[in-house]
Amino acid sequence: MKYFGTDGFRGEANVDLNVVHAYKVGRFLGWYYGQEHKARVIIGKDTRRSSYMFEDALASGLTASGADVYLLHVTPTPSVSYVVRTEQFDCGIMISASHNPYYDNGLKVINGKGHKLETEIEEKIEEYIDSEEDAIPFATRENIGCTVDYAIGRHRYIGYLMSLATRSFKNIRVGLDCANGSSYSVAKGVFDALGATTFAIGMEPDGTNINAGCGSTHIENLQKYVREYNLDVGFAYDGDADRCLAVDDKGEVIDGDAILYLCGCYLKEKGELNNNTVVTTVMSNLGLYKALDKKGIAYEKTAVGDKYVNANMTENGHSLGGEQSGHIIFSKYAVTGDGILTSLMLMEVMLEKKEKLSELRKELVIYPQLLKNVHVADKPAARNDEDVIAATKKVEEALGDEGRILLRESGTEPVIRVMVEAKEQELCEKYVDEVVEVLRKKGHAVD
(Lines give C-alpha, C1' and ligand atoms only; values in the text may rest on other atoms or scores of the structure.)
Protein backbone atom coordinates (compact mmCIF):
# COMPACT_ATOMS: atom_id res chain seq x y z
CA MET A 1 0.00 0.00 0.00
CA LYS A 2 1.32 3.43 -0.96
CA TYR A 3 -0.80 5.69 1.25
CA PHE A 4 -2.83 3.55 3.66
CA GLY A 5 -1.07 1.79 6.53
CA THR A 6 -2.35 -0.22 9.48
CA ASP A 7 -4.19 2.82 10.81
CA GLY A 8 -5.41 4.73 7.77
CA PHE A 9 -3.73 7.36 5.58
CA ARG A 10 -1.28 9.22 7.82
CA GLY A 11 1.53 11.73 7.36
CA GLU A 12 2.61 15.30 7.90
CA ALA A 13 -0.20 17.67 6.96
CA ASN A 14 0.22 19.22 3.49
CA VAL A 15 3.50 17.30 3.04
CA ASP A 16 2.69 13.57 2.96
CA LEU A 17 -1.06 14.04 3.29
CA ASN A 18 -2.51 17.13 1.63
CA VAL A 19 -5.90 18.63 0.85
CA VAL A 20 -5.96 17.15 -2.66
CA HIS A 21 -5.53 13.66 -1.15
CA ALA A 22 -8.40 14.34 1.25
CA TYR A 23 -10.59 15.75 -1.52
CA LYS A 24 -9.97 12.67 -3.67
CA VAL A 25 -10.67 10.31 -0.76
CA GLY A 26 -13.98 12.11 -0.37
CA ARG A 27 -14.71 11.99 -4.09
CA PHE A 28 -14.12 8.26 -4.23
CA LEU A 29 -16.08 7.36 -1.09
CA GLY A 30 -19.04 9.55 -2.07
CA TRP A 31 -19.20 7.81 -5.45
CA TYR A 32 -18.43 4.29 -4.19
CA TYR A 33 -21.14 4.25 -1.52
CA GLY A 34 -23.57 6.25 -3.63
CA GLN A 35 -23.87 3.98 -6.65
CA GLU A 36 -27.25 2.58 -5.60
CA HIS A 37 -28.52 5.25 -3.20
CA LYS A 38 -27.54 8.67 -1.88
CA ALA A 39 -24.55 8.04 0.37
CA ARG A 40 -24.52 9.24 3.99
CA VAL A 41 -21.07 9.76 5.50
CA ILE A 42 -20.18 10.88 9.02
CA ILE A 43 -16.99 12.86 9.78
CA GLY A 44 -15.27 13.41 13.12
CA LYS A 45 -12.00 15.17 13.89
CA ASP A 46 -9.49 15.77 16.64
CA THR A 47 -8.13 19.15 17.76
CA ARG A 48 -5.20 19.56 15.33
CA ARG A 49 -5.18 22.81 13.39
CA SER A 50 -5.08 20.90 10.10
CA SER A 51 -8.15 18.83 11.01
CA TYR A 52 -10.43 21.72 10.03
CA MET A 53 -8.73 21.99 6.64
CA PHE A 54 -9.10 18.27 5.98
CA GLU A 55 -12.70 18.30 7.15
CA ASP A 56 -13.51 20.93 4.51
CA ALA A 57 -11.59 19.05 1.79
CA LEU A 58 -13.30 15.75 2.56
CA ALA A 59 -16.71 17.38 2.66
CA SER A 60 -16.06 19.06 -0.69
CA GLY A 61 -15.10 15.78 -2.33
CA LEU A 62 -17.99 13.86 -0.81
CA THR A 63 -20.68 16.39 -1.67
CA ALA A 64 -19.25 16.81 -5.19
CA SER A 65 -19.84 13.08 -5.67
CA GLY A 66 -23.37 13.37 -4.35
CA ALA A 67 -22.98 12.24 -0.73
CA ASP A 68 -24.56 13.96 2.24
CA VAL A 69 -22.01 14.70 4.97
CA TYR A 70 -22.78 14.75 8.69
CA LEU A 71 -20.29 16.56 10.94
CA LEU A 72 -19.62 15.34 14.48
CA HIS A 73 -16.94 18.04 14.93
CA VAL A 74 -14.27 17.37 17.62
CA THR A 75 -14.98 13.89 18.91
CA PRO A 76 -13.20 10.61 19.80
CA THR A 77 -12.53 8.05 17.06
CA PRO A 78 -14.72 5.40 18.76
CA SER A 79 -17.68 7.78 18.63
CA VAL A 80 -17.45 7.75 14.83
CA SER A 81 -17.48 3.94 14.87
CA TYR A 82 -20.46 3.97 17.26
CA VAL A 83 -22.52 6.44 15.24
CA VAL A 84 -21.77 4.71 11.92
CA ARG A 85 -23.00 1.32 13.08
CA THR A 86 -25.94 2.46 15.22
CA GLU A 87 -27.38 5.02 12.81
CA GLN A 88 -26.87 3.22 9.48
CA PHE A 89 -24.31 5.47 7.84
CA ASP A 90 -22.51 4.10 4.80
CA CYS A 91 -19.12 4.92 6.26
CA GLY A 92 -17.35 7.26 8.63
CA ILE A 93 -14.10 9.20 8.49
CA MET A 94 -12.04 10.24 11.50
CA ILE A 95 -9.48 12.98 10.92
CA SER A 96 -6.67 12.26 13.36
CA ALA A 97 -3.09 11.11 13.68
CA SER A 98 -3.82 9.61 17.09
CA HIS A 99 -0.77 9.94 19.37
CA ASN A 100 1.44 11.65 16.74
CA PRO A 101 2.52 15.31 17.09
CA TYR A 102 0.18 18.10 15.96
CA TYR A 103 1.78 18.63 12.54
CA ASP A 104 0.87 15.09 11.48
CA ASN A 105 -2.65 14.10 10.59
CA GLY A 106 -4.51 11.14 9.17
CA LEU A 107 -7.71 9.85 7.64
CA LYS A 108 -9.19 6.76 9.29
CA VAL A 109 -12.03 5.39 7.18
CA ILE A 110 -14.58 3.26 9.01
CA ASN A 111 -17.02 0.96 7.21
CA GLY A 112 -20.74 0.66 7.85
CA LYS A 113 -20.19 -1.95 10.57
CA GLY A 114 -17.88 0.33 12.54
CA HIS A 115 -14.69 -1.51 11.57
CA LYS A 116 -11.69 -0.14 9.72
CA LEU A 117 -12.15 -0.01 5.97
CA GLU A 118 -11.48 -3.13 3.93
CA THR A 119 -8.04 -3.30 2.30
CA GLU A 120 -9.48 -3.86 -1.17
CA ILE A 121 -11.39 -0.56 -0.98
CA GLU A 122 -8.29 1.26 0.28
CA GLU A 123 -6.43 -0.09 -2.76
CA LYS A 124 -9.12 1.32 -5.06
CA ILE A 125 -8.86 4.71 -3.34
CA GLU A 126 -5.11 4.70 -3.91
CA GLU A 127 -5.60 3.92 -7.61
CA TYR A 128 -8.00 6.85 -7.88
CA ILE A 129 -5.65 9.23 -6.06
CA ASP A 130 -2.83 8.41 -8.49
CA SER A 131 -4.96 8.35 -11.64
CA GLU A 132 -4.24 11.14 -14.14
CA GLU A 133 -7.83 11.35 -15.33
CA ASP A 134 -10.84 11.82 -13.06
CA ALA A 135 -13.26 9.10 -14.13
CA ILE A 136 -15.73 9.72 -11.30
CA PRO A 137 -18.69 11.83 -12.41
CA PHE A 138 -19.64 15.00 -10.56
CA ALA A 139 -23.08 15.21 -9.05
CA THR A 140 -25.24 17.97 -10.52
CA ARG A 141 -28.36 19.91 -9.61
CA GLU A 142 -30.41 18.30 -6.84
CA ASN A 143 -27.99 15.36 -6.66
CA ILE A 144 -25.18 17.47 -5.19
CA GLY A 145 -24.69 16.56 -1.55
CA CYS A 146 -25.03 18.81 1.50
CA THR A 147 -23.36 19.07 4.90
CA VAL A 148 -25.31 18.73 8.14
CA ASP A 149 -24.30 19.66 11.69
CA TYR A 150 -24.57 16.38 13.59
CA ALA A 151 -23.29 17.15 17.09
CA ILE A 152 -26.26 15.13 18.32
CA GLY A 153 -24.38 12.01 17.25
CA ARG A 154 -21.62 12.79 19.75
CA HIS A 155 -24.20 13.41 22.44
CA ARG A 156 -25.77 10.01 21.78
CA TYR A 157 -22.35 8.41 22.13
CA ILE A 158 -21.87 10.19 25.47
CA GLY A 159 -25.26 8.90 26.60
CA TYR A 160 -24.28 5.39 25.56
CA LEU A 161 -21.08 5.53 27.61
CA MET A 162 -22.98 6.73 30.67
CA SER A 163 -25.51 3.93 30.29
CA LEU A 164 -22.76 1.32 30.68
CA ALA A 165 -21.93 2.26 34.27
CA THR A 166 -23.79 0.02 36.71
CA ARG A 167 -23.06 2.06 39.84
CA SER A 168 -22.32 5.58 40.96
CA PHE A 169 -18.76 6.95 41.03
CA LYS A 170 -19.63 9.08 44.07
CA ASN A 171 -16.72 9.77 46.44
CA ILE A 172 -14.15 8.46 43.92
CA ARG A 173 -11.42 10.98 43.15
CA VAL A 174 -10.54 10.55 39.47
CA GLY A 175 -7.81 12.24 37.45
CA LEU A 176 -8.06 12.56 33.66
CA ASP A 177 -5.41 13.59 31.14
CA CYS A 178 -7.23 14.40 27.91
CA ALA A 179 -4.04 15.12 25.90
CA ASN A 180 -5.50 18.40 24.60
CA GLY A 181 -7.26 16.09 22.17
CA SER A 182 -10.64 14.61 21.33
CA SER A 183 -11.51 13.36 24.81
CA TYR A 184 -11.56 16.89 26.22
CA SER A 185 -15.09 17.29 24.80
CA VAL A 186 -16.40 14.05 26.34
CA ALA A 187 -14.49 12.39 29.20
CA LYS A 188 -14.86 14.85 32.09
CA GLY A 189 -18.55 15.31 31.39
CA VAL A 190 -19.10 11.54 31.57
CA PHE A 191 -17.24 11.13 34.86
CA ASP A 192 -18.91 14.19 36.38
CA ALA A 193 -22.34 12.93 35.39
CA LEU A 194 -21.62 9.55 36.98
CA GLY A 195 -20.81 11.23 40.28
CA ALA A 196 -17.02 11.20 40.39
CA THR A 197 -14.99 14.03 41.84
CA THR A 198 -13.11 14.70 38.62
CA PHE A 199 -9.80 16.48 38.13
CA ALA A 200 -8.76 17.01 34.52
CA ILE A 201 -5.64 18.21 32.72
CA GLY A 202 -4.92 18.45 28.99
CA MET A 203 -8.17 20.35 28.55
CA GLU A 204 -6.99 23.44 26.65
CA PRO A 205 -6.44 22.49 22.99
CA ASP A 206 -5.07 25.26 20.77
CA GLY A 207 -4.49 23.31 17.55
CA THR A 208 -0.79 22.74 18.18
CA ASN A 209 -0.59 21.24 21.68
CA ILE A 210 -2.30 17.87 21.15
CA ASN A 211 -0.15 15.12 22.78
CA ALA A 212 2.47 17.77 23.61
CA GLY A 213 3.90 16.65 26.94
CA CYS A 214 0.52 15.21 27.94
CA GLY A 215 -1.82 12.28 27.47
CA SER A 216 -1.03 8.56 27.32
CA THR A 217 2.32 9.16 25.59
CA HIS A 218 3.48 11.24 28.56
CA ILE A 219 1.93 9.28 31.39
CA GLU A 220 4.44 10.73 33.87
CA ASN A 221 2.33 13.91 34.09
CA LEU A 222 -0.73 12.00 35.27
CA GLN A 223 1.39 9.97 37.69
CA LYS A 224 2.59 13.17 39.32
CA TYR A 225 -0.95 14.59 39.32
CA VAL A 226 -2.44 11.49 41.00
CA ARG A 227 0.20 11.54 43.73
CA GLU A 228 0.02 15.31 44.26
CA TYR A 229 -3.77 15.41 44.66
CA ASN A 230 -4.07 12.02 46.40
CA LEU A 231 -6.44 10.64 43.76
CA ASP A 232 -7.92 7.15 43.74
CA VAL A 233 -7.19 6.54 40.08
CA GLY A 234 -6.18 8.34 36.89
CA PHE A 235 -6.82 7.78 33.18
CA ALA A 236 -4.79 9.16 30.28
CA TYR A 237 -6.02 9.16 26.68
CA ASP A 238 -4.25 9.71 23.38
CA GLY A 239 -5.12 12.38 20.82
CA ASP A 240 -8.21 10.68 19.40
CA ALA A 241 -9.16 8.82 22.61
CA ASP A 242 -9.12 5.30 21.21
CA ARG A 243 -6.54 4.23 23.77
CA CYS A 244 -6.26 4.55 27.52
CA LEU A 245 -3.55 4.01 30.10
CA ALA A 246 -4.31 4.18 33.80
CA VAL A 247 -2.47 5.21 36.95
CA ASP A 248 -3.28 3.47 40.22
CA ASP A 249 -3.71 5.07 43.64
CA LYS A 250 0.04 4.85 44.29
CA GLY A 251 0.90 6.62 41.05
CA GLU A 252 2.06 3.48 39.23
CA VAL A 253 1.24 2.92 35.57
CA ILE A 254 -1.45 0.43 34.57
CA ASP A 255 -0.60 -0.23 30.90
CA GLY A 256 -2.60 -2.15 28.32
CA ASP A 257 -1.27 -5.51 29.51
CA ALA A 258 -2.31 -4.77 33.10
CA ILE A 259 -5.73 -3.61 31.88
CA LEU A 260 -6.16 -6.88 29.97
CA TYR A 261 -5.21 -8.81 33.11
CA LEU A 262 -7.54 -6.90 35.44
CA CYS A 263 -10.50 -6.96 33.06
CA GLY A 264 -9.81 -10.54 31.95
CA CYS A 265 -9.90 -11.81 35.54
CA TYR A 266 -13.04 -9.78 36.26
CA LEU A 267 -14.90 -10.96 33.16
CA LYS A 268 -13.94 -14.58 33.90
CA GLU A 269 -15.39 -14.27 37.42
CA LYS A 270 -18.62 -12.91 35.92
CA GLY A 271 -18.76 -15.67 33.30
CA GLU A 272 -18.42 -13.08 30.51
CA LEU A 273 -14.95 -13.90 29.19
CA ASN A 274 -15.96 -15.60 25.95
CA ASN A 275 -13.99 -18.79 25.24
CA ASN A 276 -12.01 -18.08 28.44
CA THR A 277 -9.58 -16.22 26.15
CA VAL A 278 -7.85 -12.84 26.02
CA VAL A 279 -6.49 -11.66 22.66
CA THR A 280 -3.08 -9.95 22.79
CA THR A 281 -0.41 -8.91 20.31
CA VAL A 282 3.11 -10.28 20.09
CA MET A 283 4.31 -7.20 22.01
CA SER A 284 2.45 -8.10 25.21
CA ASN A 285 4.68 -8.75 28.20
CA LEU A 286 5.72 -12.25 29.22
CA GLY A 287 4.55 -11.38 32.73
CA LEU A 288 0.99 -11.04 31.42
CA TYR A 289 1.06 -14.55 29.99
CA LYS A 290 2.45 -16.05 33.18
CA ALA A 291 -0.22 -14.25 35.25
CA LEU A 292 -3.00 -15.42 32.91
CA ASP A 293 -1.65 -18.98 33.13
CA LYS A 294 -1.96 -18.83 36.94
CA LYS A 295 -5.58 -17.71 36.59
CA GLY A 296 -6.35 -20.46 34.06
CA ILE A 297 -7.08 -17.95 31.30
CA ALA A 298 -6.11 -18.77 27.72
CA TYR A 299 -4.71 -16.22 25.28
CA GLU A 300 -4.03 -15.68 21.62
CA LYS A 301 -1.33 -13.54 19.99
CA THR A 302 -1.77 -11.46 16.85
CA ALA A 303 0.44 -9.12 14.86
CA VAL A 304 0.82 -5.60 16.27
CA GLY A 305 -2.17 -3.39 15.43
CA ASP A 306 -5.65 -3.21 16.90
CA LYS A 307 -7.08 -4.13 13.47
CA TYR A 308 -5.48 -7.58 13.87
CA VAL A 309 -6.74 -7.92 17.44
CA ASN A 310 -10.23 -6.97 16.28
CA ALA A 311 -10.11 -9.40 13.34
CA ASN A 312 -9.18 -12.27 15.67
CA MET A 313 -11.92 -11.35 18.13
CA THR A 314 -14.53 -11.06 15.40
CA GLU A 315 -13.57 -14.36 13.79
CA ASN A 316 -13.50 -16.32 17.04
CA GLY A 317 -16.11 -14.56 19.14
CA HIS A 318 -13.74 -13.43 21.89
CA SER A 319 -14.91 -10.69 24.22
CA LEU A 320 -11.65 -9.01 25.31
CA GLY A 321 -8.47 -8.08 23.50
CA GLY A 322 -5.98 -5.30 23.10
CA GLU A 323 -2.50 -3.91 22.98
CA GLN A 324 0.12 -2.90 25.51
CA SER A 325 -0.27 0.69 24.26
CA GLY A 326 -3.82 0.86 25.64
CA HIS A 327 -5.99 -0.03 22.63
CA ILE A 328 -8.49 -2.26 24.42
CA ILE A 329 -11.56 -3.77 22.75
CA PHE A 330 -14.61 -4.96 24.70
CA SER A 331 -16.63 -6.65 21.96
CA LYS A 332 -19.85 -6.64 24.01
CA TYR A 333 -19.88 -2.85 23.89
CA ALA A 334 -17.78 -1.73 20.90
CA VAL A 335 -16.00 -2.95 17.78
CA THR A 336 -12.94 -0.75 18.18
CA GLY A 337 -10.57 0.43 20.90
CA ASP A 338 -12.24 3.04 23.09
CA GLY A 339 -10.23 4.87 25.74
CA ILE A 340 -13.13 6.30 27.70
CA LEU A 341 -15.01 2.99 27.63
CA THR A 342 -11.85 1.27 28.90
CA SER A 343 -11.63 3.67 31.84
CA LEU A 344 -15.28 2.99 32.68
CA MET A 345 -14.61 -0.77 32.64
CA LEU A 346 -11.69 -0.32 35.04
CA MET A 347 -13.94 1.72 37.33
CA GLU A 348 -16.40 -1.16 37.20
CA VAL A 349 -13.70 -3.61 38.33
CA MET A 350 -12.60 -1.33 41.20
CA LEU A 351 -16.13 -0.70 42.45
CA GLU A 352 -17.28 -4.31 42.14
CA LYS A 353 -14.22 -5.72 43.88
CA LYS A 354 -14.11 -2.84 46.41
CA GLU A 355 -10.33 -2.68 46.02
CA LYS A 356 -7.79 -0.21 44.69
CA LEU A 357 -6.07 -0.99 41.40
CA SER A 358 -2.75 -1.28 43.22
CA GLU A 359 -4.16 -4.24 45.17
CA LEU A 360 -5.93 -5.84 42.23
CA ARG A 361 -2.82 -5.95 40.06
CA LYS A 362 -0.48 -7.40 42.72
CA GLU A 363 -0.23 -10.86 41.15
CA LEU A 364 0.83 -9.40 37.81
CA VAL A 365 4.62 -9.17 37.66
CA ILE A 366 5.75 -7.31 34.56
CA TYR A 367 9.11 -8.36 33.16
CA PRO A 368 11.64 -5.65 32.28
CA GLN A 369 11.37 -4.95 28.56
CA LEU A 370 13.69 -3.09 26.23
CA LEU A 371 12.87 -2.09 22.67
CA LYS A 372 15.35 -0.53 20.26
CA ASN A 373 14.49 0.73 16.79
CA VAL A 374 17.16 0.22 14.16
CA HIS A 375 16.82 2.21 10.93
CA VAL A 376 17.68 -0.07 8.03
CA ALA A 377 18.05 0.21 4.28
CA ASP A 378 16.02 -2.93 3.53
CA LYS A 379 13.69 -4.38 6.16
CA PRO A 380 13.19 -7.88 4.68
CA ALA A 381 16.92 -8.24 3.94
CA ALA A 382 17.81 -7.31 7.52
CA ARG A 383 15.10 -9.48 9.04
CA ASN A 384 16.07 -12.55 6.98
CA ASP A 385 19.86 -12.25 7.25
CA GLU A 386 21.25 -15.63 8.36
CA ASP A 387 23.58 -14.07 10.93
CA VAL A 388 20.76 -11.97 12.39
CA ILE A 389 18.57 -15.07 12.61
CA ALA A 390 21.43 -16.99 14.28
CA ALA A 391 22.02 -14.20 16.81
CA THR A 392 18.32 -14.11 17.61
CA LYS A 393 18.17 -17.87 18.09
CA LYS A 394 21.19 -17.72 20.40
CA VAL A 395 19.40 -15.18 22.61
CA GLU A 396 16.23 -17.30 22.60
CA GLU A 397 18.17 -20.31 23.85
CA ALA A 398 19.93 -18.26 26.54
CA LEU A 399 16.64 -16.84 27.86
CA GLY A 400 14.72 -20.12 27.82
CA ASP A 401 11.38 -19.82 29.64
CA GLU A 402 12.51 -16.77 31.60
CA GLY A 403 12.41 -14.26 28.78
CA ARG A 404 11.99 -13.77 25.05
CA ILE A 405 13.27 -11.84 22.06
CA LEU A 406 11.19 -10.43 19.23
CA LEU A 407 12.34 -8.95 15.92
CA ARG A 408 9.74 -7.35 13.72
CA GLU A 409 9.50 -4.89 10.87
CA SER A 410 7.75 -1.59 11.47
CA GLY A 411 4.59 -1.24 9.40
CA THR A 412 5.11 2.49 8.84
CA GLU A 413 8.86 3.21 9.01
CA PRO A 414 12.14 1.78 7.58
CA VAL A 415 12.82 0.26 10.98
CA ILE A 416 13.53 -3.13 12.53
CA ARG A 417 12.35 -3.31 16.12
CA VAL A 418 14.44 -5.44 18.49
CA MET A 419 12.69 -6.23 21.76
CA VAL A 420 13.90 -8.36 24.67
CA GLU A 421 12.17 -9.28 27.92
CA ALA A 422 14.09 -10.81 30.79
CA LYS A 423 14.12 -10.96 34.59
CA GLU A 424 16.67 -8.15 34.84
CA GLN A 425 17.03 -4.95 32.86
CA GLU A 426 20.75 -5.66 32.44
CA LEU A 427 19.96 -8.85 30.53
CA CYS A 428 17.55 -6.97 28.28
CA GLU A 429 20.25 -4.45 27.41
CA LYS A 430 22.89 -7.14 26.88
CA TYR A 431 20.82 -9.23 24.48
CA VAL A 432 19.28 -6.33 22.55
CA ASP A 433 22.73 -4.86 21.99
CA GLU A 434 24.07 -8.21 20.77
CA VAL A 435 21.48 -8.42 18.00
CA VAL A 436 21.70 -4.71 17.12
CA GLU A 437 25.46 -5.10 16.77
CA VAL A 438 25.00 -7.91 14.25
CA LEU A 439 22.62 -5.72 12.24
CA ARG A 440 25.27 -3.00 12.21
CA LYS A 441 28.18 -5.31 11.35
CA LYS A 442 26.26 -6.76 8.41
CA GLY A 443 25.68 -3.26 7.03
CA HIS A 444 21.91 -3.24 7.44
CA ALA A 445 21.72 -0.30 9.86
CA VAL A 446 21.73 3.26 8.51
CA ASP A 447 22.19 6.39 10.62
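I count rings of Phe, Tyr and Trp (its six-membered ring) as a pair if their centres lie within 6.5 Å; planes under 30 degrees apart are stacked, over 60 edge-to-face, and the rest tilted. The model is predicted, so to speak of local features I need pLDDT of at least 70, and side-chain atom pairs count only at pLDDT 80 or more, while totals for chains, interfaces and linings use all residues. Residues are numbered from 1 along each chain as its sequence is written, and side-chain values use heavy atoms, with hydrogens and water left out.

**Entry: aromatic rings**

I looked up the ring pairs and found 18. For Tyr 289 and Tyr 299, the ring centres lie 4.6 Å apart with the planes at 40°, so I list this pair as tilted. It joins distant parts of the chain: Tyr 289 sits in helix α9 (residues 286–294) and Tyr 299 in strand β14, ten residues apart. Helices (H or I, at least four residues) and strands (E, at least two) are DSSP runs, numbered from the N terminus.

I then checked accessibility. Buried means under 20% relative accessible area, exposed over 50%, and partly exposed in between (1.4 Å probe, protein chains only). Tyr 289 is buried at 3%. Tyr 299 is partly exposed at 28%.

I also noted a cluster. Ring pairs link Phe 28, Trp 31, Tyr 32, Tyr 33 and Tyr 128.

**Entry: the sheet with β14**

I followed β14 into its sheet. Four strands run in the order β14-β13-β15-β16, and the sheet is open with mixed pairing. Two strands pair if DSSP finds at least two bridges between them. β14 (298–302) and β16 (328–330) are the edges; each has a single partner strand, so one side of each lacks a neighbour in the sheet. Strand β13 (residues 277–281) pairs with β14 in the parallel sense over five bridges. Val 278 stands opposite Tyr 299 in β14.

**Entry: the second largest pocket**

I used a 1 Å grid over the protein atoms alone: a pocket is an open set of points where a 1.4 Å probe fits, with protein on both sides within 12 Å along at least five of seven lines, and lining residues have an atom within 4 Å of a point. The second largest pocket has a volume of about 410 Å³, the space filled by probe spheres set on the points, which are joined across faces, edges and corners. Of its 22 lining residues, the closest to the centre are His 115, Lys 116, Lys 307, Asn 310 and Ala 311.

Which element gives the most to this lining? I found α10, with six residues.
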